[in-house]
Amino acid sequence: MMDSIAEVLARQLESLLIRSGQRLVTVESCTGGGLAELVTRIAGCSQWFECGYVAYSNTAKQELLDISSEVLENYGAISEQTALAMAEGALRHSHAHIAVSITGIAGPGGGTVDKPVGTVCFAWVNRDGLAKTARIRFQGDRLQVRAQSCLLALQGLVDILDKQGSGIRD
């Protein structure tokens with residue numbers, strides 16, 4: 001069932017990106033490239049998918065995306081601030097028009113009282129200055145948290161691009 005929902009969302013995303021002439025960049029941590037894999041299942045995605053980053057370690061986040069050590073030290077890798085910095089860095093390091101980032105704790109270990117397993121942070125950023133973040137706690141095992149994270153990232157992109165196409169601004 002998750003695959004069919006993901007396919008519907010990815011097809012909606014494809015249509016919105018092609019219609020608007022925009023390109024997407026993804027940047028992922030806990031999903032390990034799963035979101036990029038979902039969107040690249042679509043033949044012809046090279047028209048609208050620029051690239052994907054998988055920055056799992058803090059070092060990779062800093063070196064690939066120019067995330068400051070202050071953001072990581074002050075807020076941690078699992079934070080809306082880090083998700084925002086990841087999306088902004090991916091946008092800066094690509095020719096894309098819109099970026100989405102995912103960073104979280106998929107489990108089964110690694111959770112804390114403040115950030116339990118299933119905590120995932122997202123950011124959606126575009127070159128027009130839009131910047132949205134979210135922090136969600138998903139239920140389920142590692143695979144379920146990762147799948148739900150990819151679906152939410154896709155839904156966020158579709159919602160943003162659909163609003164842009166209708167002239168609605170946040």
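**Strands, burial and charges**

Guide: This is a predicted model. A hairpin is made by β4 and β5, with 4 residues between them, and Gly129 in its turn has a positive phi of about 100 degrees.

Visitor: In which sense do β4 and β5 pair, and over how many bridges?

Guide: They pair in the antiparallel sense over 7 bridges. Cys121 stands opposite Arg135 in β5.

Visitor: How many residues of β4 are buried?

Guide: 8 of the 8 are buried, so β4 is largely enclosed by the rest of the structure. Both of its faces are covered. Thr119, Cys121, Ala123 and Val125 are on one side, and Val120, Phe122, Trp124 and Asn126 are on the other.

Visitor: Zoom out. What is the strand order in the sheet?

Guide: The order is β2-β1-β3-β4-β5, in an open sheet of 5 strands with mixed pairing. β2 (49-54) and β5 (131-137) are at the edges with a single partner strand each, so one side of each has no neighbour in the sheet. From one strand to the next the twist averages 10 degrees.

Visitor: And β1 with β2, parallel or antiparallel?

Guide: Parallel, over 5 bridges, with β1 covering residues 24-28. Val27 stands opposite Tyr53 in β2.

Visitor: Which helix packs on the sheet, and which strands does it touch?

Guide: Helix α5, residues 80-92, packs there and touches β1, β2, β3 (98-104), β4 (119-126) and β5. The direction of α5 makes about 40 degrees with that of β4.

Visitor: Changing topic to charges. How many salt bridges does a search of the whole structure find?

Guide: The search finds 3. One of them joins Glu14 and Arg11, whose closest N and O atoms are 3.5 Å apart. Both residues are in helix α1 (residues 2-20), and because they are 3 residues apart, about one helical turn separates them.

Visitor: Are Glu14 and Arg11 buried or partly exposed?

Guide: Glu14 is buried, at 14% relative accessible area. Arg11 counts as partly exposed, at 40%.

Visitor: What about Arg23 and Glu50, where do they sit in the chain?

Guide: Arg23 is in the loop between α1 and β1, and Glu50 is in strand β2. They are 27 residues apart, and the pair links distant parts of the chain. Their side chains meet in a salt bridge with an N to O distance of 2.7 Å. Arg23 is partly exposed at 22% relative accessibility, as is Glu50 with a relative accessible area of 25%.

Visitor: Which residue forms a salt bridge with Glu37?

Guide: Arg41 does, with the closest N and O atoms 3.2 Å apart. Glu37 is partly exposed, at 38% relative accessible area, and Arg41 also counts as partly exposed, at 47%.

Visitor: I care about buried charges. What is the nearest side chain of opposite charge to Lys61?

Guide: Glu28, and it is 12 Å away. A salt bridge needs a side-chain nitrogen within 4 Å of a carboxyl oxygen. Lys61 is buried and has no salt bridge. Lys61 lies in helix α3, residues 58-65.

Visitor: What does the Lys61 side chain reach instead?

Guide: Its side chain makes a polar contact with the side chain of Ser29 at 3.2 Å. The Lys61 side chain also reaches the backbone oxygen of Tyr56, at 2.9 Å. Leaving out residues up to four places away in sequence, the residues Lys61 touches include Asp66, Ile67, Leu72, Thr82, Met86 and Thr103.

Visitor: Back to Glu28. Where does it lie, and is it buried or exposed?

Guide: Glu28 lies in strand β1. Glu28 is buried and has no salt bridge. The nearest side chain of opposite charge to Glu28 is that of Arg146, 7.3 Å away.

Visitor: What does the Glu28 side chain reach at 2.8 Å?

Guide: The backbone nitrogen of Leu35. Among the residues Glu28 touches, not counting those up to four places away in sequence, are Gly33, Gly34, Tyr53, Met86 and Ile102.

Terms used
Residues are numbered from 1 along each chain as its sequence is written. This is a predicted model: local features need pLDDT of at least 70, side-chain atom pairs count only at pLDDT 80 or more; totals for chains, interfaces and linings use all residues. Side-chain values use heavy atoms; hydrogens and water are left out. Two strands pair if DSSP finds at least two bridges between them. Helices (H or I, at least four residues) and strands (E, at least two) are DSSP runs, numbered from the N terminus. Axes are lines fitted to C-alpha atoms, for helices over the stretch in contact, and angles run from 0 to 180 degrees between N-to-C directions. Contact means heavy atoms within 4.5 Å. Buried means under 20% relative accessible area, exposed over 50%, partly exposed in between (1.4 Å probe, protein chains only). Lys and Arg count as positive and Asp and Glu as negative; His and the chain ends are not counted. A polar contact is a pair of N or O atoms within 3.5 Å; within protein, one must be able to donate a hydrogen and the other to accept it, and residues adjacent in sequence count only if both atoms are side-chain atoms.
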